[in-house]
Amino acid sequence: MSTIGNMAMTQVRMAQVSAKYGVSSSNLFAKSSASSRTSTSDAMESILKNKNDYFKAQYKKLYNSIFPSEEDTEKADKTVSVKSAASAAAKSSDDLVSYANSLDYGGTVDADAASKKIQSFVDDYNSMVDALGDSENQSVLQKGVILVNTTKVYSNALRRAGVTVGSDNKLTFDKDKLSGVKNYEFKSTFGRGGYASKVTQKAQQIQRLQGSTGNLFSYSNSVTPSYTYNIGALFSTYA
């Protein structure tokens, strides 16, 4: 017969004690406002009264894992922000690669068509650079440094396509300077194996490295952050 793990057993005992003291689980786990925190604190004191240290430690550990602190919530928001920005940058840079690859080697670039791809890429790249400034993941930051250094290496080629690298590591685009650029030059800079391909690669790496919230507790970055507690997942994980 399998033994229920410590945290799962704590959940069972919490339910038993909740019934004994007449405190509903919704009151025990309410943490959506300042007023509810006060009532939750009182309920917790009632539940933990006369309990041994082991039970108190397990109860508080489970409670805190279900309802992260404000610091944890802020970290989760940053994770969502970085992953979202990196995902958008990866897509727009990959779109730029595909467009560049589709060009013939002869002739000049269609400025109107190409500028739409470049502007979308520049906007998403800059958003990713902004988001990286809030990341606390060292691996992500290292990839970010490599990314901006790669951009600097390509700065001259980018300038010929109307893209300028600023002192803040962000990009600006001047459509007028794209006029007259040869297709083969555009393909060399933004096509397969070029600058845009390298941005796609780094953005995808950043997206993966920034981490995941997992599937035991699911985080939703809505107007009011919400955490969905999966009892079944808890028991299957710790049993």
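The questions and answers below concern a predicted model, with residues numbered from 1 along each chain as its sequence is written. Local features need pLDDT of at least 70 and side-chain atom pairs pLDDT 80 or more, while totals for chains, interfaces and linings use all residues, and side-chain values use heavy atoms, without hydrogens and water.

Q: What percentage of the 239 residues of the protein chain count as buried?
A: A residue is buried under 20% relative accessible area and exposed over 50%, with a 1.4 Å probe and protein chains only. For the 239 residues of the protein chain, the buried share is 39%.

Q: How far apart are the end C-alpha atoms of helix H7?
A: Helices are DSSP runs (H or I, at least four residues) numbered from the N terminus, and the expected span is 1.5 Å times one less than the number of residues. The 16 residues of H7 (residues 138-153) should therefore span 22 Å, which agrees with the distance in the model, 23 Å.

Q: Which residues of H7 are exposed on the other side from the buried ones?
A: Val140, Gly144, Leu147, Val148, Thr150 and Thr151 of H7 are buried. Because they cover an arc of only 155 degrees around the axis (taken from directions from the helix axis to the C-beta atoms), they lie on the same side of H7. On the other side, the exposed residues are Gln138, Gln142 and Val153.

Q: Which residue caps the N-terminal end of H7?
A: A side-chain oxygen of the capping residue lies 2.9 Å from the backbone nitrogen of Ser139. The residue that caps this end of H7 is Asn137.

Conventions
Helix = DSSP H or I, 4+ residues; strand = E, 2+ residues; numbered from the N terminus. Polar contact = N/O pair within 3.5 Å; in protein donor to acceptor, adjacent residues only side chain to side chain.
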